[in-house]
Structure formats: structure tokens, C-alpha cells
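Q: Can we go through the charged pairs in this one? I'd like to see the structure before we start.

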Amino acid sequence: MKQVYLKNVLLAAGLLLGMGASAQDFTVDNINYNVTSEADMTCEVAETSGLTGDVAIPEQVTADGKTYTVTAIGDMALSGPGNQFTSVKLPSTVTAIGYGAFYQCRNLTSIDLGGSVETIGYSAFQYCESLSSIELPNTLTSIGEVAFMGSGLTSVVIPESVTTVEMGAFSACGLMKSAVVNCAVTSQSMFLVCSDLEEVTIGGGVTSIASSMFQSCPNLKTVTMLGATPPSIGDYAFYDVPLENATLRVPEGSAGAYKSASGWKDFGTIVEYTPTGISNVEAGAGFTVKAADGVITVEGAEGEVGVYDMSGAKVAAATADGSATIAVPARGAYIVKVGGKAVKVAM
């Protein structure tokens with residue numbers, strides 16, 4: 001834990017020293033850009049200051065008669081108190097977000113990543129205290145160290161596409177209540193000191209829970225495992241978590257394995273769920289959901305019904321007039337949303 005915070009202090013010092021240190025090739029609409037490739041005609045956002053309100057980064061910018069495609073948000077590009085913007089929309093051409101890109105953007109409440117981002121750098125959204133939600137795209141492969149540390153995220157879904165998550169990526173998110181880890185990798189101190197974290201879903205591809213992953217998450221009440229084989233548990237993974245008061249939900253037929261596995265057997269309650277069972281994401285949804293044979297049936301619902309995979313992407317929708325029947329593309333876990341309420345199902 002000390003290592004995370006020490007590196008954090010060093011980063012903050014680096015940010016202060018680095019402000020204004022890089023040259024910009026041109027400026028368009030108060031945004032400075034660096035050319036990253038003349039051959040490919042690409043550029044990155046290099047530095048901004050004084051931006052307010054809603055900000056939309058363009059797909060292309062033209063300078064001196066040349067048109068460049070914006071493919072990245074550079075290191076520290078939109079960071080610091082000099083910017084007071086509340087929302088940012090990135091174009092689909094952006095694939096990389098550099099280190100500290102939105103560091104300490106305390107007024108940022110929402111961001112649209114554009115759907116093509118592959119890498120999020122070290123400390124990219126650290127201390128974005130007003131950022132309560134973010135949709136991580138299925139193109140994402142890497143999340144840097146302390147990338148969202150101290151942000152205002154209340155929930156997060158990490159897609160299967162992620163192959164690298166570095167230390168402390170979501171640590172100290174004091175408002176976070178739920179997390180879904182669909183990727184097969186975990187990292188040291190991943191959710192360290194997320195004091196409000198109550199519910200976690202761990203994907204079937206996860207084979208190990210990293211050291212200190214959920215350390216000092218005293219309100220963790222429910223952990224749902226999508227895999228029948230218990231992952232190994234690293235040192236201090238659940239340190240300072242009252243597991244005797246927590247419930248571990250495991251696939252049908254796997255309770256015995258979890259009850260005999262080191263670390264997992266410490267949960268006070270271990271229960272099985274069937275592949276066609278339901279688990280309420282939000283209590284008192286007011287409608288019922290059944291899932292079987294590739295079909296989700298919703299009863300007691302009116303209006304639009306949306307079905308999302310565990311990465312947060314919408315996979316199907318229908319309009320209910322008391323009920324709705326929706327086909328889904330494959331077996332797995334889904335979230336069904338109706339009128340602001342949500343229920344998690346698995347088949």
C-alpha cells in the first residue's frame with residue numbers, strides 16, 4: 001500500500017514539473033495538438049487550459065492546410081485546475097489515453113470514451129472526484145496503475161478484453177458500491193480501500209485474486225463467482241473484510257470446492273445459484289425475470305426493456321406491455337434494466 005501512495009506522490013510532483021514542458025505543433029479552438037505522425041497524418045491532444053462546460057474533442061483538425069486525425073489524448077493533456085469542464089466526449093478515432101490525462105479534473109462528471117479506446121494510462125482519471133460512472137469499451141486492453149484512484153466512481157464493469165490491470169487501478173474509490181470483473185486478470189490493490197464497496201462479481205476466467213485486491217473494503221457483503229473452480233487468493237486479498245458476515249455465491253455444484261478452498265472457506269455464508277437463477281442488482285425492482293434456453297422473460301414490466309452484457313454493452317431490447325420475451329446471443333450473465341431498475345440474470 002505504501003508503494004502505491006509513494007508512487008502517487010512522485011507522480012504529482014512530475015505533473016507539476018511537466019506542466020507546459022512539451023511543445024505544441026498547432027492550436028485549434030483553444031486546444032493544443034502535437035503531430036504524432038506526418039506519414040499517417042495523426043495527432044494527439046497535447047495541452048488545454050480554461051476549458052469549461054461540455055467539451056467535444058473532434059475526430060479531425062486542420063492546420064496549415066493539413067488535416068490530421070486525433071488518435072490520442074496525450075500525457076497530462078486535460079489535467080489540472082486550469083480546466084473547469086464538466087463533460088468530455090472523445091471521438092471514435094481515439095485509441096489511447098495518456099498518463100495523468102484527466103488528473104485532478106475535479107469538475108468532470110461524465111465522459112464518453114468514444115468506443116475505441118485501447119489503453120488508459122497511469123493516473124489518467126485519478127482524483128476525478130465528481131466522475132461517478134464510466135463505460136469501459138470492449139476494445140480496452142490495458143488499465144494503468146492508479147488510473148481511477150480516488151475518483152468518484154460508484155460502480156465499474158471491467159470488460160473481458162482487458163489483459164492488463166496495474167496496481168491500485170480502482171483503489172480509494174470511496175463511493176464505489178459495485179464492481180464486475182469480467183477480465184481474466186486481477187492486480188495488486190485493485191480495489192484497495194473502496195470503503196463503500198458492497199457487491200462484486202468475478203468472471204469465470206479469473207484464476208487468481210491478487211494480493212490486497214479487496215483489502216480494507218469493510219462493507220463488502222456479496223461476492224458472486226461465475227467460475228466453478230475457486231481462484232487462488234493472494235496475501236491480504238480480503239484483509240480487513242469481515243468475511244464471516246459476507247455471502248459467497250457460487251455456481252451450482254461448486255459449493256463443496258469453495259468450502260474447502262483456502263480463503264474462500266472463510267466466508268460466513270456460501271450458497272449455490274443455478275444457471276437459470278436471478279440475483280437482484282437493485283432490491284425491489286418491481287418486476288420478475290426468468291432466463292432459460294437463450295431467452296429472457298420479463299413479467300410485470302412496462303416500457304423499454306434493455307438487456308446488457310456484463311461489460312455494460314446493450315445486446316438486446318424490447319418494449320414490454322406487461323411482459324416481454326427477449327432472445328440473447330449466448331449463455332452467460334446479463335443485466336436486465338426496466339425504468340431505472342436492474343436485475344442480474346445468468347443462464
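What follows is a short chat about salt bridges in this predicted model.

Q: How many salt bridges does a search of the whole structure find?
A: The search finds four.

Q: Which residue does Lys89 form a salt bridge with?
A: Lys89 pairs with Asp112, and the closest N and O atoms are 2.9 Å apart.

Q: Which parts does that pair tie together?
A: Lys89 belongs to strand E7 (residues 84-89) and Asp112 to strand E9 (residues 110-112), so the bridge connects parts 23 residues apart in sequence.

Q: Moving on. What does the side chain of Arg106 meet in a salt bridge?
A: That of Glu129, at 2.4 Å from N to O. The pair links distant parts of the chain: Arg106 is in the loop between strand E8 (96-97) and E9, while Glu129 is in the loop between strand E10 (119-120) and strand E11 (142-143). They are 23 residues apart.

Q: And how accessible are they, starting with Arg106?
A: Arg106 has 35% relative accessibility and counts as partly exposed. Glu129 is partly exposed at 43%.

Q: What about Glu198, which side chain does it meet?
A: Glu198 forms a salt bridge with Lys177, at 3.7 Å from N to O. Glu198 sits in the loop between strand E14 (178-181) and strand E15 (199-202), and Lys177 in the loop between strand E13 (164-165) and E14, 21 residues apart.

Notes. Residues numbered from 1 in each chain as written. Predicted model: local features only at pLDDT ≥ 70, side-chain atom pairs only at ≥ 80, totals over all residues. Heavy atoms only, no water. Helix = DSSP H or I, 4+ residues; strand = E, 2+ residues; numbered from the N terminus. Buried < 20%, exposed > 50% of the residue type's maximum accessible area, 1.4 Å probe, protein only.
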